[in-house]
Amino acid sequence: MYDGGKIIAGIIIGLLLLTFPIWYGLGRAAPKPDVKLPVKEKECVEPKAYMKNYHMQLLDLWRDSTVRVAKRSFVAFNGKKYEMSLQNTCMSADCHARKTEFCDQCHNYTGVVPYCWDCHIPPKEEPKKKPEEKH
Amino acid sequence: MAVNRRKFLKIGGASILAFGARPAADALGISPTEWLDEKLGGFTIPETLFHLFRKPAGSVAGEALTAKRWAMVVNVRALDEEIAEACKEACHRVHNVPEIDNPKHEIKWIWQEEYEHVFPGQQHEHVDDALKKLPFLVMCNHCFNPPCCRVCPTKATFKRKKDGIVLMDMHRCIGCRFCMAACPFGARSFNWIIPWPRAGAEEERRFKGKEPPTPDYPTRAKGVVEKCNFCAERLAKGKIPACVEVSQELCNKKGREPALVFGDLEDPDSEVRQLLRSRYSIRRKPELGSNPNVYYIV
Amino acid sequence: MLEKAFVGGRKYWVLIACLLGVIGVGFIMWLWQFRVGLGITGMSRDVSWGFYIGQFTYLVGVAAAGVMVVLPYYVHHYKAFGRITILAEFMAIGAVSMCLLFILVDLGNPVRMINVLLHPTPRSVLFWDMIVLNGYLFLNILVGWNVLSAERKGSPPPGWIKPFIYLSIPWAISIHTVTAYLYAGLPGRGFWLTAIMAPRFLSSAFCAGPAILILLCLIVRKTTKFDPGKEQIRTLGSIVTYALVLNVFFFLCELFTVFYSQIPGHMHHFHYLFFGHEGHVVKLVPLMWLAFACMTAAIILLVIPVTRRNEGILTVACVLTVIGTWIDKGFGLVVGGFVPNPLERITDYWPTVPETLIALGVWATGFLIISLLYKVATSVKVEVGAGQA
């Protein structure tokens, strides 16, 4: 074929670029997310499986309800009443108070960068004491 | 012409709709679009369909302050520099409104202005000195017929049907600034730059250690419009707007009548209605038809 | 047919390279703006729309001017224009693309652009603007491409294209009317709250657009083997003349209404644009006078038949028209509406360097599109022998 050399070279480069994510990280694995659950509260506002998959949709619903319809009171699946608020309910001291130990764990692993934190203020985290290093 | 049953039903149904809609709406007391709006709870049809597949929305908390039409009366003669500044400081603190050095990029929800600038159609050469020096507090008027809501292409700014507050949905705003062009009162501000540091020491250094003063309330990011929201989040918890609270405290201390009065315009016994009944009041640019809900007793 | 855009002489590739360079610089500036916010522009709390929206407004007019060639040819059977309808349509494509890009670079949150589609708001004029602009882009691509294809194959255009062509005529009027309605329905902006906004927009569109088309045709004649034709350019010149006279007349109508009625709120804006504020003359003031000097000079040159028919002088007149309308519509109109602000305070506006570079990047993108499309069109015309004068 005409320009055969250029075409084959182009195909090889193209394939390399296309499969970059596969071969670049070969032999290494990112650390598994180490999600720390809240100590006090044992149940979230929805069952764990639902929250894992749909927490963003729930937050969207909360936002529309709070901002657009002025309805802020939410009844969880277990009957408990909560105020619909990311900062004051989800991230409250009793629940997911440490963003780095909860939200960021899975988000960093999957490469998700939600822009919630451009506006919503994550609770301040005092740096925890580092555990003794084992040799 | 022979009319078969099917045709009769079709024509009959269409006629009932055509001629019966008006009386039905009159019987309901509202127009069909208002009825639909109420049924949908302020959401659009696509949003409602989406909500069919997810959990329904919540409810109003017991302690919330509610009204059909929130309004504010500014009793200007009871204002002074100190009270006006305190109102602005309280509002900006409670809502994490950033203080920006460049005056072109400033963001303000409530601020002081002079009479001739607040009421440019009314001012003349022989205004009394006292009025000239009085600090008028201006903010979003939460109009009943807001031009800003009319022009927003995404309904990111909207008038809440429940209580008439004109709000911003910060998640939806695309930053087109059409609302800013439409507002006849210059009440809206845009986030031209990143208002608060996000993560990292470098950002904090750039912002010289400034942090949002109220961690309970979110900030805004760059690229969205913001304005006074009649403290909707405080009303939901049973508290009056921050500016009203602060001005009431200060006016009490100084032994004056309250400078800012907040209440339900549709409740004939509310404080605002009583004040409006007993004194002469004016509004900004009423001839434009936006029907502002902030009244000034001059 | 697109392959014709990738075959060209040295000058063609130099042009493409230069345009790509300007686009590159503009794009990098825009990335910076995307990162740090619109604060790098000269816009402010008071002047919340500036250069970007001004350019968008101007270019919607240029795009609408495609109808000034399509209407005489398809409705009034003015055969001569058959030679250049494709140039008008391709110019419209470039102009509308620039409009859409200018809106994009002006948004505070461009990633949320889809919200306009997800939450349709028919009572907002911006919603209709999005619909008519995208529709017009689609119409011009559809019609232009199909008609050119048919011409290349030597057959008449397919029958189904006729309704789209006829649709594009009122649609062109609508894009600029809707854009005018963005301004003309705002109760708080006295400078814009006038019924003559849409007619003014249309008249300046119909002089600026054909003027730019004339200049493009002259460039095409010089740089390709396709000659758009002397008669075509002459007729376009007449169109520019009528439209420019109307444009200035409408402006004088505005001046009369505002200054004879002596309403301070309305006079303020004109006063600021042409005389500055309390002795403080802004950079905008000499520009506005220049705009009207250019338009007046252009009218004189265009109205006199001898000078209008001389292509050299016509070129000068077109350049003057473009400068005049560009300053008036692409700059003065937007700033004048915002100053003084609703509280009767003055905040000046001038575009910053990054803002200008981004704007230039968008202009270069439009010109790139026009260059590529014109290369295709002129190559096809030369191929079928339609271009010999």
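1. Which side chain meets that of R98(A) in a salt bridge? The partner is E101(A), and the N to O distance in this pair is 3.2 Å. This is a predicted model, and that should be kept in mind through all the points below. The two partners fall into separate accessibility classes: R98(A) is partly exposed, with a relative accessible area of 21%, whereas E101(A), at 16% relative accessibility, counts as buried because the limit for that class is under 20%.

2. When the whole structure is searched, the count over all chains comes to 34 salt bridges.

3. A further pair in chain A is K40(A) with D94(A), whose side chains form a salt bridge at 3.6 Å from N to O. This pair ties together distant parts of the chain, since its members are 54 residues apart. K40(A) sits in the loop between α2 (20-24) and α3 of chain A, while D94(A) sits in the loop between α4 and α5 (103-110) of that chain. As for accessibility, K40(A) counts as exposed at 60%, and D94(A) is partly exposed, with a relative accessible area of 34%.

4. The salt bridge between R63(A) and D60(A), with 3.2 Å from N to O, has another setting. Both residues belong to helix α3 of chain A, where they are three residues apart, or about one turn of the helix.

5. The size of an interface is often given as the accessible area lost when the parts come together. For chain A and chain B this buried area is about 2900 Å², and carbon and sulfur atoms give 55% of it.

6. Three salt bridges are counted between chain A and chain B, and one of them joins the side chains of D169(B) and R68(A), at 2.9 Å from N to O. The rule for polar contacts finds six residue pairs across this interface, with both residues at pLDDT 80 or more.

7. Chain B, taken by itself, has 298 residues, of which buried residues make up 52%, and its secondary structure includes 12 helices and nine strands. If one looks at contacts in chain B with a separation of 6 or more, 66% of them are between residues 24 or more positions apart. The accessible surface of chain B is about 14800 Å², and 55% of that surface belongs to carbon and sulfur atoms.

8. Chain B also touches chain C, and this contact takes 49 residues from chain B and 41 residues from chain C. Between them, the two chains bury about 3800 Å², with 54% of this area on carbon and sulfur atoms.

9. Which charged pairs and polar contacts are found across the interface of chain B and chain C? The rule finds two salt bridges there, one of which is formed by E113(B) with R345(C), whose closest N and O atoms are 2.8 Å apart. Polar contact is found for 33 residue pairs, again with both residues at pLDDT 80 or more. Several elements of chain B give two or more residues to the side that touches chain C, among them the helices α3 (45-52), α5 (115-118), α7 (147-151) and α8 (178-182), together with the strands β2 (110-113) and β6 (189-190). By class, this side of chain B has 27 nonpolar, eight polar and 14 charged residues.

Conventions. Residues are numbered from 1 along each chain as its sequence is written. Chains are lettered from A and ligands numbered from 1 in the order in which they are written. This is a predicted model: local features need pLDDT of at least 70, side-chain atom pairs count only at pLDDT 80 or more; totals for chains, interfaces and linings use all residues. Side-chain values use heavy atoms; hydrogens and water are left out. Buried area is the accessible area (1.4 Å probe) that two parts lose on being put together, summed over both. A salt bridge is a side-chain nitrogen of Lys or Arg within 4 Å of a carboxyl oxygen of Asp or Glu. A polar contact is a pair of N or O atoms within 3.5 Å; within protein, one must be able to donate a hydrogen and the other to accept it, and residues adjacent in sequence count only if both atoms are side-chain atoms. Helices (H or I, at least four residues) and strands (E, at least two) are DSSP runs, numbered from the N terminus. Buried means under 20% relative accessible area, exposed over 50%, partly exposed in between (1.4 Å probe, protein chains only). Contact means heavy atoms within 4.5 Å. Accessible areas come from the Shrake-Rupley method with a 1.4 Å probe; for residues, only the protein chains shown count as cover. Ala, Val, Leu, Ile, Met, Phe, Trp, Tyr, Cys and Pro count as nonpolar, Asp, Glu, Lys and Arg as charged, and the others, Gly among them, as polar.
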